[in-house]
Amino acid sequence: MEENMEEGQTQKGCSECCLKCLSGIPYASLIATILLYAGVALFCGCGHEALSGTVTILQTHFDVVRSPVDALDVFTMIDIFKYVIYGVAAAFFVYGILLMVEGFFTTGAIRDLYGDFKITTCGRCVSAWFIMLTYIFMLAWLGVTAFTSLPVFMYFNIWNTCQNTTLVEGSSLCFDLRQYGIVPIGEEKRLCIASENFLKMCESNELDLTFHLFVCALAGAGAAVIAMVHYLMVLSANWAYVKDACRMQKYEDIKSKEEQELHDIHSTRSKERLNAYT
């Protein structure tokens with residue numbers, strides 16, 4: 001009987017500990033972090049492969065040659081974009097971890113679990129800094145989303161034309177890379193729908209795959225924007241919590257000090273009365 005009671009108490013203690021641990025998880029920050037990682041992974045992975053597919057299409061079907069000198073041509077720009085993607089992936093992996101840590105430290109359940117803590121000026125400054133930095137990153141991701149929509153629009157035009165070749169058959173429609181700023185004005189690189197290269201490009205897998213990879217990269221950038229907005233809401237709520245906790249802490253300190261002073265005054269008067277009676 002006693003053993004059963006001890007087992008029941010042990011299970012109850014374990015369940016209470018698990019509930020406290022689960023209540024200490026900042027779920028809002030966790031959801032935003034998962035969304036951020038998913039968006040960044042989708043943007044970086046699909047964007048990198050889409051850029052590689054773009055190089056293949058330009059070299060194979062548009063006959064664009066890489067410049068032998070160190071000139072800023074389209075291939076150099078694509079290489080730069082790839083390095084930027086590497087940096088974005090590493091930077092936001094670290095930034096997501098930092099925001100998760102900040103969410104853990106500003107969760108009320110953690111304070112209840114480990115006892116009361118002092119809200120310092122440094123902590124409030126860190127929360128304000130994260131809010132400002134997240135707002136800047138949100139604007140940056142909005143710009144990235146707008147920039148990513150450009151290749152999606154260009155590839156959609158080509159892909160849509162390939163899907164409707166029978167409707168435009170016999171016309172003199174051509175795609176000129178100079179219109180998109182991919183090649184210099186003096187270099188004529190056009191691909192007409194009546195040419196053999198255009199038909200080969202439409203039949204190849206590179207065009208369809210690259211187009212859909214850019215669409216996925218655009219979706220990833222949009223998910224990162226949503227994650228930044230989610231983080232802004234979480235950080236603003238945490239800031240309000242830290243500010244209220246700071247005010248409550250000051251109130252408790254003043255109240256404790258006044259109670260101590262009243263207690264000292266009462267003790268002094270009691271001693272004076274006792275001395276007078278004696």
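What share of residues 211-241 is helix and what share is strand, and how far apart are the end C-alpha atoms? I found 100% helix and 0% strand, with the end C-alpha atoms 45 Å apart. Helices here are DSSP runs of H or I, at least four residues, numbered from the N terminus, and strands are E runs of at least two.

A note on the source: I am reading a predicted model, where local features need pLDDT of at least 70, side-chain atom pairs count only at pLDDT 80 or more, and totals for chains, interfaces and linings use all residues. Residues are numbered from 1 along each chain as its sequence is written, and side-chain values use heavy atoms, with hydrogens and water left out.

I checked UniProt next: its unreviewed entry puts "transmembrane region" at residues 21-43, 83-105, 126-147 and 211-241. Such positions follow the numbering used here, feature names are shortened, and annotations may be inferred rather than shown by experiment. For residues 126-147 I noted 100% helix, 0% strand and 31 Å between the end C-alpha atoms.

Then I turned to Asn 205, which sits in helix α7 (residues 205-277). Is Asn 205 buried or exposed? Asn 205 counts as exposed because its relative accessibility is 64% (exposed is over 50%, buried under 20%, partly exposed in between; 1.4 Å probe, protein chains only). I also looked up Gly 53: 152 residues separate Gly 53 from Asn 205 in sequence, yet their C-alpha atoms are 9.8 Å apart.
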